[in-house]
Amino acid sequence: MPRVICGASAGSIVASLICTRPYEEMQDLFDPFYVKFDCYKIREDNLIGIIARYLKDGVFFDMNHLQNFLKAQYGDLTFKEVYKRFGWNLNISVSIYHEKDSYRLLNYLTAPTVLIWSAVSASCAIPNVFEPV
């Protein structure tokens with residue numbers, strides 16, 4: 001396995017699942033029950049609720065539900081902790097929030113104290129799907 005793993009958007013979820021575990025647990029990721037996933041907490045709305053949220057807030061899905069899922073997966077690990085504990089150099093690409101901003105690549109050198117779940121949620125903040133982070 002390479003020691004540098006990168007991801008953006010949904011790829012940041014996968015990259016972080018790999019990097020927040022020791023190498024010896026890689027095989028466990030292929031077990032469908034290993035990832036703590038509760039689809040009822042992610043998919044809390046019916047079609048009417050999703051459309052209502054889009055008309056009210058301009059997004060289809062609630063970022064809080066995604067963040068709760070991410071926190072359950074990664075806990076409060078930072079980029080620096082992931083590098084020190086597991087030896088992975090996790091890189092997450094984050095899109096701009098304002099047009100004046102530039103894109104960012106977060107890792108243990110550029111953002112050592114940033115929480116992994118926070119970076120992943122920012123990377124997944126697709127316009128009209130999730131609100132910006």
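In this note, two residues are in contact when heavy atoms of each lie within 4.5 Å.

1. Basis of the note. The structure is a predicted model, in which local features need pLDDT of at least 70 and side-chain atom pairs count only at pLDDT 80 or more, whereas totals for chains, interfaces and linings use all residues. Residues are numbered from 1 along each chain as its sequence is written, and side-chain values use heavy atoms, with hydrogens and water left out.

2. Overall architecture. The protein holds six helices and three strands, where helices (H or I, at least four residues) and strands (E, at least two) are DSSP runs numbered from the N terminus. Read from the N terminus on, the order of these elements is β-α-α-α-α-α-β-β-α. Of the 133 residues, 35% count as buried; here buried means under 20% relative accessible area, exposed over 50%, and partly exposed in between, with a 1.4 Å probe and protein chains only. Among contacts with a separation of 6 or more, 67% come from residues 24 or more positions apart.

3. The nonpolar core. A nonpolar core is a set of buried Ala, Val, Leu, Ile, Met, Phe, Trp, Tyr and Cys residues joined through side-chain atoms within 4.5 Å. The largest such core has 30 residues, and those with the most contacts inside it are I13, L70, Y74, W88, I116 and V120. Helix 1 (10-19), helix 4, helix 5, strand 2 and helix 6 each supply at least two residues of this core. For I116, not counting residues up to four places away in sequence, the residues touched are S16, T20, Y74, L77, T78, F79, V82 and L90.

4. The loop between helix 4 and helix 5. T78 is placed in the loop between helix 4 (63-74) and helix 5 (79-86), and T78 counts as buried because its relative accessibility is 12%. With neighbours within four places in sequence left aside, T78 is in contact with P112, T113, V114, L115 and I116. G75 is also found in the loop between helix 4 and helix 5, but G75 is partly exposed, with a relative accessible area of 28%. The C-alpha atoms of G75 and L115 are 8.6 Å apart in space, although the two residues are 40 residues apart in sequence. Leaving aside neighbours within four places in sequence, G75 is in contact with L70 and W117.

5. Strand 3. L105 belongs to strand 3, which covers residues 104-106, and L105 is partly exposed at a relative accessible area of 44%. Beyond its neighbours within four places in sequence, L105 is in contact with N91, I92, S93 and T110. The C-alpha atoms of L105 and A8 are separated by 9.4 Å, while the two residues stand 97 residues apart along the chain.

6. The largest pocket. On a 1 Å grid over the protein atoms alone, a pocket is an open set of points where a 1.4 Å probe fits, with protein on both sides within 12 Å along at least five of seven lines, and lining residues have an atom within 4 Å of a point. The largest pocket has a volume of about 370 Å³, a volume being the space filled by probe spheres set on the points, which are joined across faces, edges and corners. Its lining has 20 residues, of which S95, I96, Y97, A122 and A125 lie nearest the centre of the pocket. Strand 2 (89-94) and helix 6 (116-123) are the elements that give two or more residues to this lining.

7. The salt bridge. A search of the whole structure finds one salt bridge, defined as a side-chain nitrogen of Lys or Arg within 4 Å of a carboxyl oxygen of Asp or Glu. The side chains that meet in this bridge are those of K56 and D57, at 3.8 Å from N to O. K56 counts as exposed at 68% relative accessibility, whereas D57 is partly exposed, with a relative accessible area of 46%.

8. Backbone points to check. Most residues other than glycine have a negative phi. S9, in the loop between strand 1 (4-8) and helix 1, has a positive phi near 55°, and S9 counts as partly exposed at 23% relative accessibility. N128, found in the segment after helix 6, also has a positive phi, near 75°, and N128 is partly exposed with a relative accessible area of 40%.
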